[in-house]
Amino acid sequence: MRVVSGIQPTGNLHLGNYLGAIRQWVAMQDAMQAGDECLFFLADLHALSQPVNPAELAANTVEMAATLLACGIDPARSILFNQARVPGHSELAWILGGTARMGWLGRMTQWKDKAGRQGDSQSTALFTYPVLQAADVMLYRATHVPVGHDQKQHLELARDIAVKFNTDYAVELFPLPEPFISAAAPRIMSLRDGSAKMSKSDASDASRINLTDADDLIVQKLKKAKTDPAPLPDDPAALADRPEATNLVTIYAALAGSSGEAVLAEFAGKGFGAFKPALADLAVSVIGPIRERLAGLLADREAVGAALEQGAERARQLAAPTLLAAQRAVGLQV
Ligand code: ADP
């Protein structure tokens with residue numbers, strides 16, 4: 001099994017990113033067997049598809065790497081790096097650009113959503129973004145790619161590109177990467193609105209718990225989280241039309257590593273006056289140590305940079321034979 005997954009180096013990560021993405025990466029790393037490989041990268045090349053502030057991009061990349069380390073990604077077991085330090089990503093993306101079709105890319109819903117009617121004024125990188133994503137996984141001949149539901153279409157495109165490349169050049173170079181949608185990955189909603197995803201782009205900071213929030217701020221945000229006056233039921237089905245209550249139960253279960261049923265079995269009949277303090281204690285016990293590790297790592301950014309460089313070196317070595325084979329397949333090398 002070879003797992004490859006990336007995340008854009010944007011600012012502050014929140015509880016949704018942690019429970020929905022990063023913790024799944026840590027679980028995959030922990031489940032690795034001998035011979036398996038997990039590659040996790042900061043997608044700094046992808047960030048160029050939108051206007052960037054160069055100093056911010058560089059700082060975010062190191063801060064995001066520090067966050068992943070603080071959350072439990074272990075550079076001794078996983079390969080952690082930033083895309084830009086492994087030139088094979090860009091080079092293979094260009095090679096695959098000869099295989100991907102305009103029509104395929106034009107059908108990507110993310111392109112349609114993001115470009116809207118202003119397609120002509122968008123960067124070409126926003127349009128070809130899924131080709132770089134295909135290169136990201138094919139460069140390592142990835143077998144499993146953890147994806148959220150919103151990325152599933154891009155992975156299908158990567159499979160189409162792999163099939164067409166293998167067929168056009170009569171090679172068996174690229175395996176078809178399997179999407180790996182973790183059933184355990186919860187979708188965490190805003191603390192202010194149970195129908196909106198917890199997101200860094202929400203204008204209200206009270207809507208999310210950041211991994212850098214102090215303990216008392218976490219307690220305060222959970223205390224003020226929107227709820228309803230009814231006590232918690234013992235049957236999960238009874239939460240169906242209570243999105244805010246559902247969200248807090250989901251967060252509790254995810255943090256405790258248990259299930260919604262188990263949480264309800266413990267708190268049935270109790271109101272939020274009792275549930276919220278228990279949730280706050282649990283949240284602080286998980287996020288507090290991450291925040292402290294992160295602060296320690298950010299005090300030594302050079303060490304984080306060195307860890308990234310080591311990861312990049314291993315990634316370049318793993319990528320080299322596939323890149324050479326792709327160059328040979330298309331006639332760029334003999
Ligand atoms: P944001 O919505 O805050 O901009 P991103 O789109 O950068 O977050 O997502 C980074 C990763 O975190 C993705 O794998 C995404 O699926 C996951 N993620 C983001 N928000 C949530 C959430 N509210 N619940 C679960 N997972 C999330």
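A residue counts as partly exposed when its relative accessible area falls between the buried limit, under 20%, and the exposed limit, over 50%. Arg141 has a relative accessible area of 35%, so Arg141 is partly exposed. The model is predicted. Arg141 sits in the loop between helix 7 (124–138) and strand 4 (144–146). Its phi is near 50 degrees, a positive value in a residue other than glycine. Most residues other than glycine have a negative phi.

Ala170 is not a glycine either, and has a positive phi of about 50 degrees. Ala170 belongs to the loop between helix 8 (152–168) and strand 5. Is Ala170 buried or exposed? Ala170 is exposed, because its relative accessible area is 70% and the cut-off for exposed is over 50%.

## Ligand site

The shell around the ligand holds 13 residues. His14, Asn17, Ile188, Met198 and Lys200 come nearest. By class, the shell divides into five nonpolar, five polar and three charged residues. Which element gives the most to this shell? Helix 1 (residues 15–30) does, with four residues.

Taken alone, the ligand exposes 530 Å², and the protein buries 75% of that.

## Aromatic pairs

A pair of aromatic rings is described by the distance of the centres and the angle of the planes. The count comes to ten aromatic pairs. One of them joins Phe165 and Tyr169. Their ring centres are 4.8 Å apart and their planes stand at 50 degrees, so the pair is tilted. Phe165 counts as buried because its relative accessibility is 0%. Tyr169 has 33% relative accessibility, so Tyr169 counts as partly exposed.

Tyr252 and Phe267 form an edge-to-face pair, with 5.3 Å centre to centre and 70 degrees between the planes. This pair links distant parts of the chain. Tyr252 is in helix 10 (residues 243–256) and Phe267 in helix 11 (residues 260–267), 15 residues apart. Tyr252 is buried, with a relative accessible area of 11%. Phe267 counts as buried at 6% relative accessibility. Ring pairs link Tyr252, Phe267, Phe272 and Phe275 into a cluster.

## Charge over a ring

Where does the charged end of Lys114 sit? The charged end of Lys114 is over the ring of Tyr129, 5.7 Å from the ring centre.

Asp213 lies in the loop between strand 5 (178–180) and helix 9 (215–224). Its relative accessible area is 5%, so Asp213 is buried; the cut-off for buried is under 20%.

Conventions
Residues are numbered from 1 along each chain as its sequence is written. This is a predicted model: local features need pLDDT of at least 70, side-chain atom pairs count only at pLDDT 80 or more; totals for chains, interfaces and linings use all residues. Side-chain values use heavy atoms; hydrogens and water are left out. A residue is near a molecule or strand if one of its heavy atoms lies within 4 Å of it. Accessible areas come from the Shrake-Rupley method with a 1.4 Å probe; for residues, only the protein chains shown count as cover. Helices (H or I, at least four residues) and strands (E, at least two) are DSSP runs, numbered from the N terminus. Ala, Val, Leu, Ile, Met, Phe, Trp, Tyr, Cys and Pro count as nonpolar, Asp, Glu, Lys and Arg as charged, and the others, Gly among them, as polar. Rings of Phe, Tyr and Trp (its six-membered ring) pair if their centres lie within 6.5 Å; planes under 30 degrees apart count as stacked, over 60 as edge-to-face and the rest as tilted. Buried means under 20% relative accessible area, exposed over 50%, partly exposed in between (1.4 Å probe, protein chains only). A charge sits over a ring if NZ of Lys or CZ of Arg is within 6 Å of the ring centre and within 35 degrees of the ring normal.
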